[in-house]
Amino acid sequence: RVAMEAFAPRMLPALNALADAFCVCDSWFSEVPGPTQPNRLYVHAATSFGNALNVWSQQFQGPTIYDQLSAEGKSWATYQFDDNEVLEFTRLTDQKSSFRNYETAFASDVKSAALPNYSFILPRFINDKQGNMANSQHAPQDARYGDAFVADVYEALVANPALWQKTVLIVIYDEHGGFYDHIVPPATGIPNPDGIDSPPPGNKLSYAPSFAFDRLGFRVPAVIASPWIKAGRLDSTRYQHTSVMATVRKLFGLKAKPLTKRDASASTFEALFGELHAARTDTPKSLPRPQLPATTVPVDHPGHPANQALDATQRDVLHRAVALTRASHPDGPYYDALPTTQGEASEF
């Protein structure tokens, strides 16, 4: 019974309102029938380099969509709260101005029309001591904070009408979360991106699955919002995470070739923006928001969210931060005794 339950629209009002006002893609699939990290790697690099499991602290030398954008004079940035897997790509880490803090930079970049051509926004994974709650919607976190985050991003964009006229907001999830779906992940016409199977060379984990990356993962929620999209639009085209970069190359007219066979075969959705003769003027100015519980105890109280223990995913996020800090600053400050609470981890 629990596996068949769902969030009613009133529980996640922002995402549901966004879906009603714009386009829902009901055949969007994750790239790997596996966990978070390999699917996130596909969004950036069109491959997980043979990894079918989470590889939180590994570094990668392969090219990304960000390299392609930079090479053709297009700007990009990531906006983060705490964790950012794009920092695992060694070719990008010296481009410090492209790694921005969401809280201090996103709204101001939008207001001043300094938003890059391509932006990738990451949620908050860990509660902090200022009372800000994790909004990643990753279990066991309260999904309402993520819904409010969707409203934050959307409302920041529409607050600059000129910018909004030429903006697309895509809301997707890296993987399906482990619950039942009646749609079987596609297994036809799905190429191995780069000829690397799981486990990749050098992987010594005994539990790494044998997998040829010849099928997609499960369906994930996907909403595309833009004043150039009809309200209530439903698109049942088969899309996948690499559809984003494949569409970006078309929208910006990039000459770059696909990164791998996977994004070369991915469907694109630029046709959605050609169905209207003019941009809509009736897009919502705001989205309804969920009612969020208030924190009523001081930060030194054991019940404060910052004093909660790290869950499994948050520990992995922390380990990545430690590993990347040691890699880039081998003589710099990092914890020999790792933080055990969310507030301490957020500070680190």
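How much accessible surface does the protein have, and what percentage of it belongs to carbon and sulfur atoms? The accessible surface comes to about 16,600 Å². Carbon and sulfur atoms hold 54% of that area.

## Overall build

This is a predicted model. The protein has 10 helices and 9 strands. Its radius of gyration is 20 Å, close to the 20 Å that the globule rule gives for 348 residues, so the protein is as compact as a globular protein of that length. The C-alpha trace spans about 60 × 50 × 50 Å along its principal axes.

Buried residues make up 48% of the 348 residues.

## Charges

The protein carries 30 positive and 36 negative charges. Across the whole structure, a search finds 18 salt bridges. Three of these pairs are described below.

## Helix α2 and its arginine

Helix α2 covers residues 36-45. How many of the residues of α2 are buried? The count is 10 of 10, and the helix is mostly covered. The buried residues are T36, Q37, P38, N39, R40, L41, Y42, V43, H44 and A45. Their cover includes the helices α3 (65-71), α7, α8 and α9, along with strand β5 (118-121). A46 follows α2 and has a positive phi, near 65 degrees.

R40 belongs to this helix. Its side chain meets that of D174 in a salt bridge, at 2.8 Å from N to O. D174 sits in the loop between β6 (169-172) and β7 (222-225). The pair links distant parts of the chain, 134 residues apart. Are the two partners buried or exposed? R40 has 13% relative accessibility and counts as buried, because the cut-off is under 20%. D174 is buried too, with a relative accessible area of 17%.

## Helix α7 and its link to α8

Helix α7 runs over residues 243-251. Here 7 of the 9 residues are buried, so α7 is largely enclosed by the rest of the structure. The buried ones are S243, V244, M245, A246, T247, V248 and R249. Just after the helix, G253 takes a positive phi of about 65 degrees.

R249 also forms a salt bridge. Its side chain meets that of D263 at 2.7 Å, N to O. R249 lies in α7 and D263 in helix α8, so the pair ties together parts that are 14 residues apart in sequence. Both residues are buried. Elsewhere, salt bridges that share partners join R40, E85 and D174 into one network.

## A link to helix α5

Which residue forms a salt bridge with R289? The partner is E155, and the closest N and O atoms are 2.9 Å apart. R289 lies in the loop between α8 (261-265) and α9 (312-328), while E155 is in helix α5 (residues 143-158), so the pair ties together parts that are 134 residues apart in sequence. R289 counts as partly exposed, at 37% relative accessibility.

How values were computed: Residues are numbered from 1 along each chain as its sequence is written. This is a predicted model: local features need pLDDT of at least 70, side-chain atom pairs count only at pLDDT 80 or more; totals for chains, interfaces and linings use all residues. Side-chain values use heavy atoms; hydrogens and water are left out. Helices (H or I, at least four residues) and strands (E, at least two) are DSSP runs, numbered from the N terminus. The radius of gyration is taken over C-alpha atoms; the globule rule is 2.2 Å times the number of residues to the power 0.38. Buried means under 20% relative accessible area, exposed over 50%, partly exposed in between (1.4 Å probe, protein chains only). Accessible areas come from the Shrake-Rupley method with a 1.4 Å probe; for residues, only the protein chains shown count as cover. Lys and Arg count as positive and Asp and Glu as negative; His and the chain ends are not counted. The place of a charge is taken as NZ of Lys, CZ of Arg, CG of Asp or CD of Glu. A salt bridge is a side-chain nitrogen of Lys or Arg within 4 Å of a carboxyl oxygen of Asp or Glu. Contact means heavy atoms within 4.5 Å.
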